[in-house]
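Please look through the sequence and the model shown here. The report after it describes some parts of the fold in words.

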Amino acid sequence: MSDEEARTRWEELHNHVTTQTAQIFVMTFLNRTLRAHSDDLAPHAEVQVPVVDLGRVLPRYRHSRKRLVLVDLEGTLWRRDLSREGLSMMEEDYRRAAVARDNEDAEEEVKEEKALVEVPEEVLVVLEKLVADVRNEVWLLSGLRVRGLLERIGRRVPRLGIVAENGCFIKTIKSVPKLTRSFSAGSSFSPPKKYIMRHMHERSVSNGAAGAAAAGGWVNMVANFNLTWKSPCLEILHYFAERTPGSFIEERDASIVFRFWTGAMPVDGVAEDPDRTWARRQAAEAQNHIFDSLGERYGLRIIPGRNSFLVLPNNVSRSTAVGAILHPGGPARSVPQRAWVSHDAFDAEAQSGAGDVDFILAVSGDEKLLRRLNEVDGAETCSTSGRGTDAKWKVEPEPRQALRVLGGLVGCGSGDV
């Protein structure tokens, strides 16, 4: 065994031992209980989180020299169609993108097909204007797979960083001529081949000279995780899907989503649809079965949602992805290191890595991410979850409201382009 492999194994075992203790379990349980209680009381609380006031945020943004903007795609900038028809269209879009990529790798003629799923043009325009300011580093946070929609966004906005599959993959930001990275005084990050998914490399948007605008490489954050759990997990989900009318299984590259309900949402004051009640019961049984048979064995975690649940490797999330972005040894600054793919990558070291940043703006529905960013100096957090939140501001969960906030930043204190 090489010294590097021994060190990596020791770090994994040490991290497991120090994070799987009775004390941490009790603290986590109590925190979640208090969180659930506060969320339940939030709609009736007298003190509400204020709607974001651009008049108070813009002065800090305008006078800052280095900025980090983090924004969710789904649910914040774009309302995804989660009907069964919309989900099927997204799967077909994935399939077409995969075929096009295979043909490109085989140097075969690629027939251009109209994309089945696209984000509104105004979203792309706002992102382009934000990244045009050399003092801004903008990251789009998403739960979608890399191929397809996110690849197209990366080609359209090359200087945009993208987090895919809730932190499983990160598209780094590759510098273009005459532009300087906000976080680094040196060269842009160029990850080793073993960390880059060959079929996920972005093509240049121009056939011009070297240095033309092109998206950075995709870094696989779960390269060292065992993904053989997906096959038995899919077997379990197919079993429950057959017994849950209208359900949909969304298999991604490193995670799986089981959408147990794709019908109409219940209306307040109206009795819940019996079919949805049954679907929720089936989903609960499926989660228990997956966790009992695969969870501890493969190191998985399950994130429940209102109409779905997500299964993915443990210790991987949008929070850890942002921690990797902030970390001095993270993908935004240097060759990847095991240290920033760990459970506590967001903590002290990550916060020290944010020391060069004067201003951080996060517009997200991920409450855990927002709570942790509140601990970083200079962070303005805006919640789009529509629930109780610890964020400093809230934004109505409508794409036009998030676009209003980001649009307000455009043109304020722009740097030289």
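Predicted model: local features only at pLDDT ≥ 70, side-chain atom pairs only at ≥ 80, totals over all residues.

Four strands make up an open, antiparallel sheet, and their order is β6-β7-β9-β8. The edge positions belong to β6 (248-251) and β8 (300-304); each has a single partner strand, so one side of each has no neighbour in the sheet. On average, neighbouring strands are turned by 15 degrees against each other, direction ignored.

Five bridges join β8 to β9 (residues 308-313), in the antiparallel sense. Within this pairing, Arg301 has Leu312 of β9 as its bridge partner.

Two helices are placed against these strands. Helix α7 (residues 230-241) lies across β6, β7 (256-259) and β9. Helix α8 (residues 274-298) packs on the sheet and touches β8 and β9. Their directions relative to a strand are listed here.

| Helix | Strand | Angle |
|---|---|---|
| α7 (residues 230-241) | β7 | about 5 degrees |
| α8 (residues 274-298) | β8 | about 155 degrees |

**The nonpolar cores**

In soluble globular proteins, nonpolar side chains tend to be buried together. In this model, the largest nonpolar core has 48 residues. Leu73, Leu77, Ile153, Leu160 and Leu406 have the most contacts inside this core. Helix α5 (residues 121-132) supplies the largest share, six residues. Another core lies apart from the largest one and has 22 residues, including Val163, Val322, Ile360 and Ala379.

What does Leu77 touch, not counting residues up to four places away in sequence? The list is Val71, Asp72, Val123, Leu127, Leu140, Pro399, Ala402, Leu403 and Leu406.

**Arg318**

Arg318 belongs to helix α9 (residues 318-326). Is Arg318 buried or exposed? Its relative accessibility is 11%, and buried means under 20%, so Arg318 counts as buried. The side chain of Arg318 makes a polar contact of 2.9 Å with the side chain of Asn166. Leaving aside neighbours within four places in sequence, the residues in contact with Arg318 are Asp72, Glu74, Leu141, Ser142, Gly143, Asn166, Asp366 and Leu369.

**Cysteines**

How many disulfides does the structure hold? The number is zero. Cys168 has a relative accessibility of 0% and therefore counts as buried. Cys233 is also buried, with a relative accessible area of 0%.

Conventions: Residues numbered from 1 in each chain as written. Heavy atoms only, no water. Buried < 20%, exposed > 50% of the residue type's maximum accessible area, 1.4 Å probe, protein only. Polar contact = N/O pair within 3.5 Å; in protein donor to acceptor, adjacent residues only side chain to side chain. Contact = heavy atoms within 4.5 Å. Core = buried A, V, L, I, M, F, W, Y, C linked by side-chain atoms within 4.5 Å. Pairing = 2+ DSSP bridges. Axes fitted to C-alpha atoms, helices over the stretch in contact; angles between N-to-C directions. Disulfide = S-S within 2.5 Å.
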